Amino acid sequence: MNTFFTIIWLLVSALFQSTLQLTLPRKFVESRQAAAVCDHNISYCAKYKYQIKTIDVRVDHFGFAIEDTFKLRYLVNDTWRKAENAPIFFYTGNEGRIEIFAENTGFLWETAPQFGALVVFAEHRYYGESLPYGNKSFTDPRHLGYLTSQQALADYVELIQHLRSKSGYSRSPVIVFGGSYGGMLSAWIRMKYPHIVQGAIAGSAPILQFTGVVACEAFARILTSDFRSSNPTCAKLIRKSWSTITEVTSNDEGKKWLSDNWKLCEPLKTTEHVQTLKDFLKEVYTNLAMVNYPYENDFLMPLPGNPVNIFCRHLTNSSLTGKPLLSALHGAISIYTNYTGKTACVSTKNAEPTLDADLGWDYQSCTEMVMPICYDGVNDMFEPLKWNFKDYNNTCFKKYSVSPEPYRVCQQYGCKNLSSVTNINFSNGLLDPWTSGGVLRNLSSSAIAILIPNAAHHLDLRESNSNDPYSVILTRKIHRYSIKKWIEEYR
């Protein structure tokens, strides 16, 4: 850790001596204002201005038997590109429509004008409208098998090569950006294709959250600490609520009461329904911690600033038990499910409806993205649940007729030995439970770990806000310093 802080302060000193500016360039401000007007190439009125384009890419980049192609969508903005071989700022799209990530990665948009960069957001195959086999992409296991991170990275390489083939871009340095799974892809594309990508900003990228690398209980402990830090009673009542839910719903009257009291769209009828509700609550708590930003946002759901604190205000009475406890918990949950007051009923089917990523990510979790998470019910606020790969494998096989490969990611990209990695900024907010699988120590002199106090999931990649903590402002300066350095080294 001492090494980390030494490097950070060396970078800070360099930053204050450099000419990098934190304020937004006038062109960027003007473009933001202009973006409020809908464009015929844009599917809706976006916060940022871009054109939507497609490129034909192979369904299978690694074999010769399948020659099928499909149209991969990407968003592009060349407003700030003035010189020959301008930098290409490339966002490696993750599990959802690419517009969502373009709207929530303001740091890239704010930084591009300073470097005169071409901005590109690439959609991940099998998400959004980049479906290799259209509506049949998820109905046939033979079609779904091409949904892998390796194939996605190859898509991005092909797109980058396509961009560089255009006049004036043959020697353009490429800097990739990504948050969460997108951050993993940014790190991996730099690691796997260093001759294509010159540097990567990998925000909240849990590239170590895999079997045999990180303890399965680490995630839940960080998540619990967020709620405990807000109010120790809050975490205790959440832990107590699991058995309370079981007790109250042990009969039909209790199931009906909870369904009515919580205004559930899908009334509880069976023990399986109750388990679905519990699984939904786990997702809600996880998401609250992930997007525990200091200002309002609607990334996953419309939420207030510091949502964990607002949530925990409902859970301060340690004497609560039974139905009164569940009524109080409903009030807290409503911060996530009905902050706007416009939700008629609460659906437990999907805790992240804005991403529209359920099918794709569930399949990836059943193949290569096997990230073990467990709960002990003592050091965390959840019901005890051991990690059981056999049960996990059986569930995946029933769903997709596939068996997970828990070691594939570490075999493909590396996990324990990353000493050769260069030109990557791994940033992790200490409020983010996914920090459990993040790179928390420097890997080399140019592959650095940045730990951000008071920051949740890739807050540093979001647009600037007056409520940003100083640690986030400083992290963005470090990112800009690194980008400048990587571009100069390439040239």
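The torsion about the S-S bond of Cys 216 and Cys 374 is about 75 degrees, so this disulfide is right-handed. Cys 216 sits in the loop between strand S6 (199–203) and helix H8 (218–230), and Cys 374 in the loop between helix H14 (358–365) and helix H15 (389–400), so the pair ties together parts that are 158 residues apart in sequence. The two sulfur atoms are 2.0 Å apart, and a disulfide here is a pair of cysteine sulfur atoms within 2.5 Å. Cys 216 and Cys 374 are both buried, with buried meaning under 20% relative accessible area, exposed over 50%, and partly exposed in between (1.4 Å probe, protein chains only).

A word on the model itself. It is predicted, so local features need a pLDDT of at least 70 and side-chain atom pairs count only at pLDDT 80 or more, while totals for chains, interfaces and linings use all residues. Residues are numbered from 1 along each chain as its sequence is written, and side-chain values use heavy atoms, with hydrogens and water left out.

Stepping back to the whole protein, there are 17 helices and eight strands; these are DSSP runs numbered from the N terminus, with helices (H or I) of at least four residues and strands (E) of at least two. Of the 491 residues, 57% count as buried. Among contacts with a separation of 6 or more, 71% are between residues 24 or more positions apart, where contact means heavy atoms within 4.5 Å. The accessible surface comes to about 20800 Å², and 52% of that belongs to carbon and sulfur atoms; such areas come from the Shrake-Rupley method with a 1.4 Å probe, and for residues only the protein chains shown count as cover.

Back to the sulfur links: a disulfide is a covalent bond between the sulfur atoms of two cysteines. The count in this protein comes to five disulfides. One of them joins Cys 366 and Cys 396, with sulfur atoms 2.1 Å apart. This link has -75 degrees about its S-S bond and is left-handed. Cys 366 lies in the loop between H14 and H15 and Cys 396 in helix H15, so the pair ties together parts that are 30 residues apart in sequence. Cys 366 counts as buried at 4% relative accessibility, and so does Cys 396 at 2%. Cys 410 and Cys 415 form a disulfide too, with sulfur atoms 2.1 Å apart. The link of Cys 410 and Cys 415 is left-handed, with -80 degrees about the S-S bond, and Cys 415 counts as buried at 8% relative accessibility.

Next come the holes inside. The structure holds three cavities of 30 Å³ or more, and the largest cavity has a volume of about 50 Å³. On a 1 Å grid over the protein atoms alone, a cavity is a set of points where a 1.4 Å probe fits but cannot get out, and lining residues have an atom within 4 Å of a point. Grid points are joined across faces, edges and corners, and a volume is the space filled by probe spheres set on the points. The residues lining the largest cavity include Tyr 91, Phe 299 and His 458.

His 458 also has a phi near 35 degrees, a positive value in a residue other than glycine. Most residues other than glycine have a negative phi. The place of His 458 is in the loop between strand S8 (447–452) and helix H17 (470–490), and His 458 is buried, with a relative accessible area of 6%.

Notes:
On a 1 Å grid over the protein atoms alone, a cavity is a set of points where a 1.4 Å probe fits but cannot get out, and a pocket is an open set with protein on both sides within 12 Å along at least five of seven lines; lining residues have an atom within 4 Å of a point.
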